[in-house]
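Welcome! Take a moment to look over the sequence and the fold, and then let us walk through them together.

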Amino acid sequence: MFPTIDALEERLLNVLAASWAQDKKITVLTATAMLSDTSATTLHRRLKSMRAKGLIDLQVDTVDFRVKYVVPTALTQRYFSELGACMHKASQSA
């Protein structure tokens, strides 16, 4: 079962996923600026919430230990896999 996420968490997760699909490393600082219509403080709170829900994790940079990267978890990968399957099924019945 997937945790409940609000609309802002969903938007942020989708933007993060688009970057992850391109093999981009996303720092926490970069993630807090990904949605121009939302404050960095609000996005930081959502990142903390998403981490508590098991949707993202933080990976410390191997050179600069102050830098942390936002990375997907197995739960997030399963979420997008199941979402893709649902979309494929919907397109087949249309």
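Predicted model: local features only at pLDDT ≥ 70, side-chain atom pairs only at ≥ 80, totals over all residues.

Residues are numbered from 1 along each chain as its sequence is written, and side-chain values use heavy atoms, leaving out hydrogens and water.

Now widen the view. The open sheet has three strands, in the order β1-β3-β2, with antiparallel pairing. β1 (26-27) and β2 (56-60) are at the edges with a single partner strand each, so one side of each has no neighbour in the sheet.

Thr 27 lies in strand β1. Its side chain joins that of Thr 30 in a polar contact of 2.8 Å (a pair of N or O atoms within 3.5 Å; within protein, one able to donate a hydrogen and the other to accept it, with residues adjacent in sequence counting only if both atoms are side-chain atoms).

Next come the helices around the sheet. Helix α1 (residues 7-21) lies across β1, β2 and β3, and runs at about 95 degrees to β3. Helix α3 (residues 40-52) packs on the sheet, where α3 touches β2 and β3, and its direction makes about 105 degrees with that of β2. Contact means heavy atoms within 4.5 Å; axes are lines fitted to C-alpha atoms, for helices over the stretch in contact, and angles run from 0 to 180 degrees between N-to-C directions.

Finally, which residues of α4 are buried? They are Leu 75, Thr 76 and Tyr 79, where buried means under 20% relative accessible area, exposed over 50% and partly exposed in between (1.4 Å probe, protein chains only). These residues cover an arc of only 100 degrees around the axis, which puts them on the same side of α4; the arc is that of the directions from the helix axis to the C-beta atoms. Their cover includes α1, β2 and β3. On the other side of α4, Ala 74, Gln 77, His 88, Lys 89 and Gln 92 are exposed.

Methods: Pairing = 2+ DSSP bridges. Helix = DSSP H or I, 4+ residues; strand = E, 2+ residues; numbered from the N terminus.
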